[in-house]
Amino acid sequence: MAAFKELVFSGVQPTGNLHLGNYLGAISRFVTMQETHDCIYCVVDLHAITVPQDPRELTDQIREVTAAFIAAGIDPKKNIVFNQSQVPQHAELAWIFNCVARMGWLNRMTQFKEKAGKDRENASVGLFAYPTLMAADILAYRATHVPVGDDQKQHLELSRDIAQKFNNDWAEAIVENGHGDAFFPLPEPLIQGPATRVMSLRDGSKKMSKSDPSDYSRINLTDDADAIAQKVRKAKTDPEPLPSEAAGLSGRPEAENLVGIFAALKGVPREAVLAEFGGAQFSAFKGVLVDLAVERLAPIAGEMKRLTQDSAYIDAVLADGSERARAIAQPNIDAVKDILGFVRGR
Ligand code: TYM
């Protein structure tokens, strides 16, 4: 397949409290990726409205996610940071992808099944088509690499299937328009590190999530040092001391989760954590984890607070990012229109 320039894209929904899972599984890795790649980071507000949202809260949350990106260390000048609804090319390409993706593919999406629950007839069409908009987010820029947490794996496989089907179905027109043997890259999911799936602090079998009714299940990015300490101290554990090797974590989901969190916060592999704390009781381990979590997270919370008070600055970042995003996406959409055979003004 044709070679594509490496470009990173990822998105975060503005739908409630950002938590440690979002940070370790995604945002902290966005920060690392900017050292080696051109990156585009999007606040996906069009995805947010696939379920009901209060307009005022949505506005605040779009700004809060943007503030979290910047507070975590993403440089909005070097990278592109914007909100999806300011770049109409996403919705435009999503419609085209709705005509590429098959009902059967979307019917298999486990997140739709979970989110729609029993009352599927009453779910929005947008919730069903959610993954085609995700594919459009990535492919509007012909992005090649997508850092995400483990829960987005199936959606990214679908993005690859859409890219592949587009390349196959329009192969002849793609060649005729001078794009070689493929117009879209097959975007590669980057699901890496010790915290690709951070679990609830109350139940090691459940994912840490924005929607868990218990606030003790998650550490929010806006939590202060006291809240972080309390939540870590109350985190569920088992009575055994920590093992000294990874094999000893199997069947111990809460221990595995805390070790993964520790490793990700410290930026070391799990094995290094186990080598240091093997044989230790949880009470001792939690004490060190509290210090580490506070050291890493409290400054982010402080900076988020400061930034969200300056909404004019945040809005200017989003406007500037959107303009730069549109400039990349528009030629790609034009090319897609030519490939499809649409007539367009030039
Ligand atoms: P969202 O907003 O649910 O989550 C944002 C990112 O956080 C990761 N994440 C986790 N990682 C580890 N442990 C957890 N407990 C945890 N919970 C969430 C998610 O995997 C994600 O990377 N559909 C996406 C947003 C999106 C997107 C895109 C992502 C829209 N378009 C294009 C990549 C590319 C979502 O709902 O993420």
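Reader: How many cavities of 30 Å³ or more does the structure hold?

Author: A cavity is a set of points, on a 1 Å grid over the protein atoms alone, where a 1.4 Å probe fits but cannot get out; a pocket is an open set with protein on both sides within 12 Å along at least five of seven lines, and lining residues have an atom within 4 Å of a point. Grid points are joined across faces, edges and corners, and a volume is the space filled by probe spheres set on the points. Here there are 2 such cavities. This is a predicted model, where local features need pLDDT of at least 70 and side-chain atom pairs count only at pLDDT 80 or more, while totals for chains, interfaces and linings use all residues. Residues are numbered from 1 along each chain as its sequence is written, and side-chain values use heavy atoms, with hydrogens and water left out.

Reader: Which residues line the largest cavity?

Author: Its lining is Met109, Gln111, Phe112, Lys115, Leu127, Tyr130, Pro131 and His155, around a space of about 50 Å³.

Reader: And what classes of residue line the second largest cavity?

Author: Ala, Val, Leu, Ile, Met, Phe, Trp, Tyr, Cys and Pro count as nonpolar, Asp, Glu, Lys and Arg as charged, and the others, Gly among them, as polar. In this lining 7 residues are nonpolar, with no polar and no charged ones; Leu20 and Val232 are among them. The volume is about 40 Å³.

Reader: Now the pockets. What is the volume of the largest pocket?

Author: About 1,000 Å³. Its lining has 38 residues, and Gln13, Gln111, Asp151, Gln152 and Lys207 lie nearest its centre. By class, the lining has 14 nonpolar, 16 polar and 8 charged residues.

Reader: Where is the ligand?

Author: A molecule sits in a pocket if more than half of its atoms lie within 2 Å of the pocket's grid points. The ligand takes up the space of the largest pocket.
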